[in-house]
Amino acid sequence: ELPAAGGSLVQAEDEIAAMGMVIGASFGGVPSMTATSGPGLSLKTEMMGLASIAELPLVIVDVQRGGPSTGLPTKSEQADLFAAAFSAHGDVIRPVLAPTSVADTFAVTVEAFNIAERYQTPVLILSDQEISQRKETLDPIDTSRFVIESRLRPTAADLQGYKRFKDTDTHISPISHPGMPGGTYLASGIEHTEAGSPTNSGNVHQKMNDKRTKKFAPLKERRDLFEVSGNPSAPLALVAWGSVAGVCREALLLAREQGLDVKLLVPTLLYPVAEKAYQDFLASVQAGLVVELSHLAQFHKVLRMHLDLPAGVKSMARSGANPFLPTEIVGALQHLLSELQRSHESLLQPQE
């Protein structure tokens, strides 16, 4: 479909070459993406680091399946979150987004490109086999409602003594492209000064690490990347992402029909963790579940790295290819509520 829309497609010989091609295309000024699943994401890791230090926008789609290695190639899982967020040497922040349905994938992909272009960074989209191989009837998508963002280009003044990696107030620097008069710069994997010159200075490295991490602060403040449903003051909560979110949406409806006061948080932005969004959601929560198809409960662990989760918020996690049922999730909520009530009753008992 890309040529008909004015784009182009290249079938690379392997995952590493594909990553190199999208980095080169982005350096050339063109919005670029690549897609993979399973071990292919591992092969892209080194060049993701290159894109991060060179501050080049690009998008990587990873359709998660059962792992590790070839694992369960035809079954869905949510176990690539650690790889997406943390598979880098050095200190790197890469935004990670997740769609929850086929239709949602369109909007999330547009958003991924906008974030990549705005923050000059690789962005990962974590889809999964359940979404990517599903046949689904959709309403026509009104593409006119989408705003397409472009990277910050240098002005004539910026090109006078051009500093590609200039540390601005937003920590985002104007980016030139080949052939732009005065816009020549070195985009390499070595640490560099604001002008792009290689350096071994620890002080410069500290400054550039600050630049590359602080530029994401506004992204963490966005609330439109989080879906909240149910009673905002509910004491019970569900948190879910990706295809599991659909099951939890149905579980929310069933739970409320049974009289449970519960709410649901579905993040599109998985990483960096937007602490304030979760803190606001969890303010009323006494017990809840983080539901995911991950044997190691990866999302629950990522949240615990950044948040003091309420003691009653537990992980509900298991390996891929074992889908959750809405009734099963409601049963787990009922159990949490019973534990919560017993705890309150014990506190009300007179002390001897």
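Let's start inside a sheet: Gln-64 has Asp-128 in β4 as its bridge partner. This is a predicted model, where local features need pLDDT of at least 70, side-chain atom pairs count only at pLDDT 80 or more, and totals for chains, interfaces and linings use all residues. Residues are numbered from 1 along each chain as its sequence is written, and side-chain values use heavy atoms, leaving out hydrogens and water.

**The sheet**
- Strands β2 (residues 58-64) and β4 (residues 122-128) run parallel and are joined by seven bridges; strands here are DSSP runs of E with at least two residues, helices are runs of H or I with at least four, and both are numbered from the N terminus.
- The open sheet has five strands in the order β1-β2-β4-β3-β8, with mixed pairing (two strands pair if DSSP finds at least two bridges between them).
- β1 (33-36) and β8 (269-271) stand at the edges with a single partner strand each, so one side of each has no neighbour in the sheet.
- Strands of a sheet pair through backbone hydrogen bonds, either parallel or antiparallel.

**Glu-111**
- Glu-111 belongs to helix α4 (residues 102-119).
- Is Glu-111 buried or exposed? Its relative accessibility is 18%, so Glu-111 counts as buried (buried means under 20% relative accessible area, exposed over 50%, partly exposed in between, with a 1.4 Å probe and protein chains only).
- Beyond its neighbours within four places in sequence, Glu-111 is in contact with Leu-97, Arg-222 and Leu-225 (contact means heavy atoms within 4.5 Å).
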